Structure formats: C-alpha cells, structure tokens
Amino acid sequence: MNAVYWSLTALLIMGHGDTLDRDEMIDFVMSCWDEEAGAFSAHPDHDVHLRSTLSAIQILSMQNALNRVDVDRVVKFYLSLQQPSGSFAGDAFGETDTRFLYCAVNALSLLGKLDKLDIQKTVAYIKRCRNFDGGFGAVAGAESHASRVFVCVAALAILDRLDEVDQPTLYWWLSERQLPNGGLNGRPEKLEDVCYSFWVSSALSILNKLTWIDSSKLEAFILSAQNTESGGIADRPGNMPDIFHTMFGLAGLSLLGYPALVDLDPVYCMPASIIENLGLRKGWKALQRRTS
Amino acid sequence: MDLPAEEEQPLYSQRPEWADVVPLEQYESVAPLAPIFYTDEYRDATNYFRGIVKSGEMSPRVLELTENIIRQNPGHYSAWQYRYKTLMALKSPLDDELQLMDELAIKHLKTYQVWHHRRLLVQQTRNPGPELEFIANSLQVDTKNYHTWSYRQWILAYFNDDALWSHELDFMESMLESDVRNNSAWHHRFFVVFQSGVRSGDEDRDAVVRRELAFVKERIAIAPNNASAWNYLRGVLDHTKISYCELQAFVLPYSLPQPPLGTPPEVVDLESPLPSKNSQLPCVAAVEFMADIHEAAGGGDLVKATEVGYVLYELGKYLTYRSFGNPWQMSTILYARDTGNTGSRNP
C-alpha cells in the first residue's frame, strides 16, 4: 500500500498521474480493506496498520475516490489507537511513535473529522517529544531526528499549533542538516540520504525558512543520486534506486522549485491543488518554481 | 532451541509433523500493482503461519515457526505479536526468550519490532539490570542506533530505580570517550541530567549545572568542531536561563583564526579551557555563538557585529548557504561584504 502511495504521488509530482490504471489501483486499495478491523492493511490478508490506512486514504483522495472510505469506522480505528499518554500506537502490536501520531492527524484531517480527536492531549504529547535542541524524537525522551521533526511539525501545522515549536532553535538545527556535499542528514554527524531532502525541506517550508539551506547544492545532490540506466533515485549517488527514495527525492525537488514539477503540499505530502480543494492548505512556503 | 542451518530445513509443506495444519495462501489479485518477490521458504512458512493463526494454535511448534519467519523477515509484526501471545499462553521461560532475542537484536538492530518485543518481555520479567549491559554491548556494534538508545531511555524511566540511573554518567562518559561527536550520547546525557527528575545526590542543581558546563567546555576544548557539544552547551544555558553573554570569555578564543599568544600551556583555566593544539580554527559554531552574544547584548555594537560578519564571510563554506534568520545578522554580513568595512581585522 505504501509503495502504491509513493508511486502515485511521485507520478503526480511529475504531472503523469494517469500512468497507472486508476480502477486497478482503487480495486487494489479496496482489497486491503479489513471489514472486521475497520481499517486498511498494507496488502490483502496482512494485519491492518494505521500507516497503510493513511496511505489508502491519501491514494483514494488523489484518485478522487474518497467516497469509497467507510469514514466512521476508520475514525473509530484511529481513535482506538491513541494511548493514555496522548501518543499513538501503529497497530495492535503496540509500538508507539510520533510517526503514527502524524498518520492519525493527517488521516482524520483528510476525512474532515479532526474534531473527533482530543487535540489538547495530542499536542501535549508532541510537546513532550520536543528536545533541548529544538527538534523532536519518536517518543518522549528520544533523540531529535529529522523524520520525527517533520511528523511533529506537520502534525502541529494541521492542528494550528505551530506555537509549540521553538522556532529559532529548530530552524538552526534543520539548516545544520546540510553537509558540504549538498545532501542532508537526519541528525548531527550522520550520513546524508536523499529522503531527508523531504523530511528537512518540508519542515523548513512549513516554518517558512526553506531559504536557510543551499537549494542549488541540495538539488545537485538529489539529481546525482539518479540512476541514468534504470531511472529512479537512490538514497545516495551510486546506490540502487527504489520507489521510496525516488518519491522523496522528487518531493524535495518540487519544494525546491525544480522546473516542470507540480506543487507539493509539504504538510500532507500530496499535490498542493488537492489539499487546497479540500480547504486544508496551511501557511507553508516552498521555493518559487523556476521556468528553466 | 537451535535451528539447523536454513539450507538443511525442509519446507513445512514437506514435514510430516505439520501435516495436520492447513496452509493458507496469501490472496493475490490478478495483476498486483506492487508485487513482493517472496522466496519459496518465506511463502511456505507464512502459509503455515496463516494456517495456525486461523486455527488459533499456540504451541511450541508455533514458537519454532514464528522464529523461522522472524529470521527471514524481522519486520513481520504479526508474527512477533502472535509469538508474544504464544509465549504468554505457554508460560514459556522468558529469560530463554531474551537470550534468543540477544542474538536477533544484534543481527537486526534497525528493526523496530525486535526492540518492542524486548520491551514487552522485560515488562513481564521485571529484571532490567541485565538489559543495560545488553544495550551497552549492542551499542558497541552500532553506537548511534536510534532504537537502542530509545530502549535504554525507556528502561531507565519505566523502572525508575536509582541503582539503574547511578551508572549513566559514567556510561555516557565512556561513549563520548570513544566518539566525542556521538549525538545520541549527548542527547542521552541531557535526558539523564535534566529531563528525568532529580535523584538523590543531585539535589544541588547549581552544582549540577556547574558540573555540566565544565564537562561540555572540556569536550569542546578537545574537539571544537562538534555540533553536538555546542548544541548541548546551548541546551544547558537555555534550560537554566543563563545568558549566553556569560560564556563570552570561554567562547571568544574559539571564534578567532589562531589561538591566543602568550598563554603558558601549563596554566589551564577550568572556567575557560582553550582550544586543544590541533584544533581547526575559527570554529564556526563559536562564531555563531559570538553573533548570538552580540545580539543578546543589544546589537548596537556595529564594529563588533561587522567583525563577526567578516569572519562568517571568510568561512565560505557556511556563508554560501546561510541567510541567517534574523535581519540583524544578515545586514551586518552584507554591510561587511559591501563596504569592505571589517573593523579592526585585516583581510
């Protein structure tokens, strides 16, 4: 399910949303619906998960088929995963992570049911995940990591609570992710990876500070991770491409204003026009799209 | 229970002792959009897994089956969950399970499920002591593993036993001794010292702050170009509401291109340890810190500000891709560049 979401979003960013058959895709998504659990799994016969449920909702939204979702049951599923602490588990296994909190907030927002969420409790938990360096971790007490900075900042944006971000400290921390080779890493002294082109750039866009990184250097880095024989983008130059890094590389390029790409909403990681039509656009700012 | 090497294992479909189980194929639509290339062994094992889940069987052979699946795919969270339920139903000895997990955790360090399963087990055994040792060992393999550090924090906070907390400072010192740039270790230190309550012996918070400031300054002196240490310093100051200006004497030497002359090397100022001999100066983080100090002091000191701006300009690596958040800093840099006014510094 996640692979389908990455593929569709990547194609839409490139303006080729019709490449994959719409009906087949919707059929696949619906074949992952678990009537008993009231949610979607990653593949037919797999256990349901809140992440695959979000991907399903995003795909159906992008395919203009959101009416296929049993909204009340999905809302019930998400709410059932919120823990007393305010964090969210991903599934019955019980692993909690701020990624899952973002999945819940994003999904409920797309379904127009954010009012069913205990927003106070959710925001209070995100606040507990905020660290001394301005960043956010996976759980309260965990180290700041760019991926969790994205999910927490994006969730706060959806909940209109960006006031909980220690903005100056966080912009600084995010801009420090850029390495001399132009790529971005996820925390200090770690290696660059193309996917951070999205996690970091989206967070900076939401905070209106995307100018704090060298966009031309980052672009050059992402483009150098392309595989010119098979196509696609890898995690770093010379490695095998995969759909995940292709998607997030393209997402980064879109935010950086790369020519001929479609605008992406960094909060929802979906085409900006779709989010605008749903009336969900927040005050983020990407770089101006260049004409050449 | 030791499994024989994988290549010697017959498929479950070929084992007579599994003949009573009805394997269930995974549903596959006619043209799967994102097909997963399963091996025969994986397909076979998961077919039998679906079979025993359907019948609700919880037996020793289910433990063998789930172990097989987990070894092939440590991310199969359903197999983990069912394994845990089976262990509980069978009242299996959890210390044996933890020992098995020791091996799997090292093999599959970056898998969430391995650590979450451990959490569930330790909540049952209520024996956290050996876990800290296990964590220390696994950190030798991967010093910055996010899950491992997070698990350590969970153990400490969940059991909240003074005896467990008491070794943490030593543990972190040793981690930083091996790699002073280990951001996870610095984060953990902040967690232990400032974000997990006050334990006996640390009630004098002023003494704790003095200790931490001395610790981080010493580490900065050893290796100044270390973002984690500077973040830690700023974190301590922000948390205790100490003004950045109070650190000026310490930070200044790090923001200059060469070490100060005329200082006898035997005299070590503990309040303001100097950069170690082979440090690369100026240290960018120190220059940024000085800029923040000048801003905090009122920002009207234009000569000082342009001097800072010029040093930043020279540090080409940074200035080519920074536009600095506050207009004050940006304007001083532009002023320095445009007018060539570098205050007292020679170009």
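A salt bridge here is a side-chain nitrogen of Lys or Arg within 4 Å of a carboxyl oxygen of Asp or Glu. Keep that cut-off at hand for the charged pairs on this tour of a predicted model.

**Stop 1: a pair in chain B.** Select B:Glu57 and B:Arg61. The two form a salt bridge, and their closest N and O atoms lie 2.7 Å apart, which means the pair falls within the 4 Å limit. B:Glu57 has 18% relative accessibility and counts as buried, because buried means under 20%.

**Stop 2: further along chain B.** Select B:Arg211 and B:Glu212. This salt bridge has its closest N and O atoms 2.9 Å apart.

**Stop 3: a network in chain A.** Select A:Lys127, A:Arg130, A:Arg161, A:Asp163 and A:Glu164. Salt bridges with shared partners join these residues into one network.

**Stop 4: a pair in chain A.** Move to A:Arg22 and A:Asp23. Here the closest N and O atoms of the salt bridge are 3.9 Å apart. A:Arg22 is partly exposed at 38% relative accessibility, and A:Asp23 is partly exposed too, with a relative accessible area of 48%. Over all chains, a search of the whole structure finds 30 salt bridges.

**Stop 5: the interface.** Show chain A and chain B together and select the residues in contact. Chain B gives 42 residues to the contact and chain A gives 48. The area buried between the two chains is about 4,100 Å², and carbon and sulfur atoms give 56% of that area. How many salt bridges cross the interface of chain B and chain A? The rule finds 0. Polar contacts between the chains come to 15 residue pairs, both residues being at pLDDT 80 or more.

Now colour the side of chain B that touches chain A. The elements that give two or more residues to that side are helix H3 (77-90), helix H5 (112-125), helix H7 (146-159), helix H10 (183-194) and helix H12 (227-240) of chain B. By class, this side of chain B has 18 nonpolar, 18 polar and 6 charged residues.

**Stop 6: an annotated range.** Select residues 1-270 of chain A. An unreviewed UniProt entry annotates this range as "domain: Prenyltransferase alpha-alpha toroid". Over residues 1-270 the chain is 46% helix and 3% strand.

Conventions: Residues are numbered from 1 along each chain as its sequence is written. Chains are lettered from A and ligands numbered from 1 in the order in which they are written. This is a predicted model: local features need pLDDT of at least 70, side-chain atom pairs count only at pLDDT 80 or more; totals for chains, interfaces and linings use all residues. Side-chain values use heavy atoms; hydrogens and water are left out. UniProt positions are given in the numbering used here, feature names are shortened, and annotations may be inferred rather than shown by experiment. Helices (H or I, at least four residues) and strands (E, at least two) are DSSP runs, numbered from the N terminus. Contact means heavy atoms within 4.5 Å. Buried area is the accessible area (1.4 Å probe) that two parts lose on being put together, summed over both. A polar contact is a pair of N or O atoms within 3.5 Å; within protein, one must be able to donate a hydrogen and the other to accept it, and residues adjacent in sequence count only if both atoms are side-chain atoms. Ala, Val, Leu, Ile, Met, Phe, Trp, Tyr, Cys and Pro count as nonpolar, Asp, Glu, Lys and Arg as charged, and the others, Gly among them, as polar. Buried means under 20% relative accessible area, exposed over 50%, partly exposed in between (1.4 Å probe, protein chains only).
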